[in-house]
Amino acid sequence: MVPIHFPTFMKSIRIGAGLGFYGDNWEPVAASIEYGHVQFIASDHLAELTLAILQKDRQRDPSLGYARDVVPMLLRLWPLMRERGVRFVCNAGGLNPMGAAQAVLAAFAAKGWQARIAVVTGDDVLPRLQDVSTPADELAHLFTGEAVSQVRERLVFGNAYLGAAPIVQALDAGADIVITGRVADAALFLGPLVHGLGWTLGGATEPQDLNRLAQGLTVGHLLECSGQGSGGNFGSQGAWKDIPDLAHIGYPIAEVWEDGTALITKAPGTGGRINFDTVRQQLLYEVHNPHAYHSPDVVLDMGGIVLHDEGHDRVRLTGARGQAPGPMLKVVAGYRDGYKAEVTWGFSWPDAWDKSQAAIATIRTQLADRRIPHDELFVEYPGLNSAHGALAPLPDAGALNAMNEIWTRLVLRTPSKAAADGFGRLFPWLALSGPAYTCGFNGLHNTSELLGIWPTLIPRVRVEPNIQVDLLGGAP
């Protein structure tokens, strides 16, 4: 295959993937900074349910509510970034962006370091969700159509997905590090591209401008999941075995030119693989309609995208088309939704399956006899159907009874914390009075509060006027 050479007269910038979720590995990010010649890193700490985790932190300590891995990560990366002039964008602020920035600044101060940190706020729309004067047809559940009044009194957070504009503003103001709350994943990458390449963002209407934004959004989509964009989590049957050196995987890097053309690659000497198959798998990840992939900044049509595999961990991206975004922004809200408790119970051969079924029946009888309030007793069998659920039909009872062991996971969902706290007490006596050869119980005391998710839409005119960018800290 003949390599395709990009025009040297056109400006380009290089941006690398940061984390793909709260708790991800940042050593590949260090490799991108040291060997990948990047000018920006964009790091996505907020999976769809992460705000629920951060809310539980905030309930325990009001100063929390952010992704706490941002502090040790930046302690590791900042010396490398400072030396090379690399700038960093992340949404690790979660429910408390200012708290995250102050924690980073305090950690830096203890090392004698200085950095300009911009904080983006304004995504918190909980007051609007809780406002009883909000029209009944506004903020309805995105899938069921239920009115928000059904959960209003139980709501604990509500955040709109912001776009790239405040990130651009922060970078234009000279920020070394930008910490946001809930920003659309790909917007973390689009912001540095708009800033670095001088693209038109707000009010873009010309096809050329919208197509550039669409290319930038595609780049962000390809990089937002860290190693998944470079061969990690590769789902092709058998082919995943050929992905080299996952222990030292390199996260994807994009070089993007002024016209939006992009080259997806990774730092030399790192593991993983960038090729047509790994890139196209990530391209289709979490995409409902490839012809209308909505974001706050542009609506992406993937139908014309061309991925050209140039070999040597290089894939060229062209052909994304964009349309102007609509008047609504996506919101993720969370509400208190009861409690859960779970116990995993094992049984050994012989007749392990029949013992498991008898034990489940005993637990159901106790729940009924004691009139323990609950919405559901969920049952699954780790090693048999917990990965694929109904798509993994169980063998017949004879084959199941011939197995060495059957593990049974029982999860009680209940509106009552007392009922959840007491669930584990239904089990221990069965070690001697239940079916024979119990392998053991795990998790007899592990009550946790459940947070339900409320996806909805909100007019952007109710959100964007409240967005604020604050610049903290001094020059390094």
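User: In which hand does α7 pass α8?
Analyst: The crossing of α7 with α8 is right-handed; the term applies if the near helix is turned clockwise from the far one by less than a right angle, anticlockwise being left-handed. This is a predicted model, in which local features need pLDDT of at least 70, side-chain atom pairs count only at pLDDT 80 or more, and totals for chains, interfaces and linings use all residues. Residues are numbered from 1 along each chain as its sequence is written, and side-chain values use heavy atoms, without hydrogens and water.

User: Why is α7 called oblique to α8?
Analyst: The axes of α7 (residues 187–197) and α8 (residues 207–223) cross at roughly 135° and come within 8 Å. Angles under 35 degrees count as roughly parallel, over 145 as roughly antiparallel, 65 to 115 as roughly perpendicular and the rest as oblique; α7 is therefore oblique to α8.

User: What makes G303 exposed?
Analyst: Buried means under 20% relative accessible area, exposed over 50%, and partly exposed in between (1.4 Å probe, protein chains only). G303 has 52% relative accessibility, so the residue counts as exposed. G303 lies in the loop between β9 (299–301) and β10 (306–309).

User: Why is E342 classed as buried?
Analyst: The relative accessibility of E342 is 16%, and E342 therefore counts as buried. E380, at 12%, is likewise buried.

User: What makes the pair R409 and E342 a salt bridge?
Analyst: A salt bridge requires a side-chain nitrogen of Lys or Arg within 4 Å of a carboxyl oxygen of Asp or Glu. The closest N and O atoms of R409 and E342 are 3.0 Å apart, and those of E380 and R409 are 2.8 Å apart. K340, E342, E380 and R409 are linked in a network of such bridges.

Methods. Axes fitted to C-alpha atoms, helices over the stretch in contact; angles between N-to-C directions. Helix = DSSP H or I, 4+ residues; strand = E, 2+ residues; numbered from the N terminus.
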